[in-house]
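Here is my note for your review. Please read it with the model open.

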Amino acid sequence: VAPVAVGEPNPLREAYFGETHVHGAYSLDAYIGGARLEPDEQYRFARGEQVTLYGKPHSIGRPLDFVALSDHAEYIGEMYSTIVPDAPGHNQEELEQLRKMRSLEERRSWFAKYIVENNRGTNPQHPPFFTGFGTTKSAWKMMVEAAERHNDPGRFTTLIAFEWSAAPDGANLHRNVIFRDANVPDLPVSSYEVRREDELWAWMAGLEARGMQLLAIPHNSNASKGLMFPAVDAGGEPIDLEYAQKRQHFEPLIEMMQIKGNSEVHRNFWTADEFADFENADSLAKFSGRTLEPRNFVRWGLEKGLAYQQELGSNPFKYGFIGGTDNHNGAASDVVESNWPGSHGPEDGSVEARRTGEVGGWAEARDLNPGSLAAVWATENTRAAIFDAMRRRETFATSGPRIKVRFFGGVNLPGDPADPKTMVEQGYELGVPMGSDLPAAGNAPTFTVYAVKDPDGANLDRIQIIKGWVDAAGELYEQIVDVAWSGDRVPGPDGKVPGVGNTVDLTTATFTNDIGSAQLMGSWTDENFDPEQHALYYLRVLEIPTPRWSTYDAVRNNLPLLDDVPATIQERAWSSPIWYSP
Amino acid sequence: VLGVLIAAAILVVKGPPTGEAERRVVITGSDLLQLRAGFVRTWQREPTATELRGALEQHVRREVLYREALARGYDRDDPVVRRAMQQKMEFLAAAQGAQGPPTDDEVEAYFALRSEKYRLPPVLSMAQVYVNLDDDAQAEERAAVLLARLQRDDPGPEQLADYGDAIMLAPFFADVTDVDLRSAFGGEFAEAVGALEPGSWLGPIRSGYGWHLVKVTDRRESQIPPWTAVRARVVGDMEYEAVNASREQLYQEIAQNYHIVTDSQVAKLLGSATE
């Protein structure tokens, strides 16, 4: 008897959903919050099994196709000492304390004493209870072995990963580093060894020279104090061609949205984008001296990248889009609004905390969201196929639902596709998919778009194409086009399709699929195309309105709705862009 | 140097001359060697005499406070201490459970006892034709007409694209499980198809997308695979279980030595609680 059959590779590719960013017991900040899920249990959770989370059974119901556990590399050695009873340093007093702490105050003061104060200044060091790289090596080995054990080609893919967590002066420059296979170094690299992103790329280049394949995914540009898309490198020099080429090579993807906010755009700066008011996490700017400014957002960064392409000959911010949660309960892709138990231990682990508390140093809990889902178009569910899809940026992110989106562009692409299968075949044959470059051309390109809803979720409202471009003087421009929408709505004089309506009953936190559509398809030709201008195009799909997690919380517990967060949201998906260069 | 230090230590800890045995703290040479080893492990060098003296003093200080706390009964009524001691026992048990990889014989024996757990899910193959809800009122009627056509023509997988409405779903699914169907069509559809008789076109069946006409072409009931096919999973489960089991075993061994007595009020309170 053969185990359940695994399909043949599909040249037209399948959508696989997963997680690229999650912290369990081996991340010190998660452990302090009470996270005790170790890799074996985290993988079980990712496969849809039920685990015990802070004493309560919890599951995501539907298995993921792939997962990358991304513990903070900084302290995995310290955590090995903490967790493994016969590890060196296990009996140190500080670690005894760490294992026993119960109250939030205790945890915060321990964290402040050993981690926050320790990391201030220009030359942070490992805390005093670090017993040496032997423990880091043991922890990493354990993680790699667990990933190997749970990798099940064709059914469930585990990608070996870690998070490099540099935050100079509190600015978030974190990167998740993901490997293509089990050919990995003996040790991951932390911000103690490598302070800034250019040094991280140098470290990655060293591994590539030894035949390893890996990529880095930055996140939370919204919390980067303007440093995620900088004009100067870590040394203060204006970025140059070499910087742009390196960054583009090592960082093909960016995490669009996570628990600590959606980084696409912010309603304050994108006033013409009627859907920019989505999980803006305004309170990030109240903590750690952060700023709220346009250059913290992905759309700005990607458009600015076009200006660098024009100026330097290479685009440093040529990012495809991917999702992740940054969940600190160890719970991969715990993204369902209707049963969200929080994400950061006790800081948002109760209804009370989610309504009134804050996640220390980050944001008010009511501002958080469950995070986003990663998706790739790959020929099969294996490490190689999924990593290669990430490398070629054939990826998309969703704010949680398993929406599938297709996006192709090409000068010779026929418009008005007859059906999705033909559209996909023609897309690959005559055009390029999401994440690619349009070949140089004199004619206007046509884009074909398709989206299908989550079979267990809400209907779709519309598909939009967002175009960004730059003129010869380096000025940035953008345009948002409604390409396909449900029902017989007619665009207004401003070209915008009217709202889809709202079926949410706020007294019961329910909605119906009486509005919207199960699938949407269409095409758009860029009549304003200027072959001399650098441009990018990406797709955004919106669901019909559904209750926000805070509304489910309120209804379940018979509490009033929170008045300073939206009661309903339009969940969405973003495809990686298609770029054009003259 | 050690001798002098120990003498000093004994002087320090002899404390009030009560003569009671529990107030006597003896520091041996091996205690001090252990302190020195701890220092070396943390700082990667030998301690100086001052540092060693400091470590000893701290050790003595802790020991004295610990003894006094015991004497005052803090180990019995402080919830933090009680929890720490319970945790210590659990850690010990977990460490005992973590042994080397199991042999093939052990894996096979483990599997034989729990083979039901590794039962493979039922697998089916099916063809499906989609009817969208764009004209909601007529959708079911269109589905009924289409069903009659499908039953008459009984098209093969290659011809299925000529029937029904277009959607990004394969017309034919080979060897899929309930989990696969749920992920492709949603839970409602997967449940309905799981109950269909194979061999003919049936429906319409509702999914998250609309209506589907379905023909199950093949169904294989669930079966138990040979242990070699699921070896990695079995080993993973064995290790996972070993840690939990040794925790439980240690508890049971210890619990045997205890006699648990409950008074009448306990039974009354338990009886009055709602399930």
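1. Basis. This is a predicted model, in which local features need pLDDT of at least 70, side-chain atom pairs count only at pLDDT 80 or more, and totals for chains, interfaces and linings use all residues. Residues are numbered from 1 along each chain as its sequence is written, chains are lettered from A and ligands numbered from 1 in the order in which they are written, and side-chain values use heavy atoms, with hydrogens and water left out.

2. Overall form of chain A. The secondary structure comes to 13 helices and 28 strands. These are DSSP runs numbered from the N terminus: helices are H or I with at least four residues, strands are E with at least two. The C-alpha atoms fill a box of roughly 70 × 60 × 55 Å along the principal axes.

3. Packing of chain A. Of its 582 residues, 61% count as buried. Buried means under 20% relative accessible area, exposed over 50%, and partly exposed in between (1.4 Å probe, protein chains only). Among contacts in chain A with a separation of 6 or more, 75% come from residues 24 or more positions apart. Contact means heavy atoms within 4.5 Å.

4. Over all chains the structure holds 51 salt bridges. The rule asks for a side-chain nitrogen of Lys or Arg within 4 Å of a carboxyl oxygen of Asp or Glu. A:Arg299 pairs with A:Glu264 at 3.0 Å, N to O. A:Arg299 sits in helix H9 (residues 298-312), and A:Glu264 in the loop between strand E11 (261-262) and H9, 35 residues apart. A:Arg299 is buried at 2% relative accessible area, and A:Glu264 is buried at 0%. A:Asp273 also bridges to A:Arg299, at 2.8 Å. A:Asp273 lies in the loop between E11 and H9, 26 residues from A:Arg299. A:Asp273 is buried too, at 5%. Shared partners join A:Glu264, A:Asp273, A:Arg299, A:Glu478 and A:Arg540 into one network.

5. A:Asp456 forms a salt bridge with A:Arg62, the closest N and O atoms being 3.9 Å apart. A:Asp456 is in the loop between E20 and strand E21 (460-470) and A:Arg62 in the loop between strand E3 (56-58) and strand E4 (66-68), so the pair ties together parts 394 residues apart in sequence. A:Asp456 is partly exposed, at 44% relative accessibility.

6. Pairs across the interface. Chain A and chain B share three salt bridges. One pairs B:Arg62 with A:Glu93 at 2.6 Å between the closest N and O atoms.
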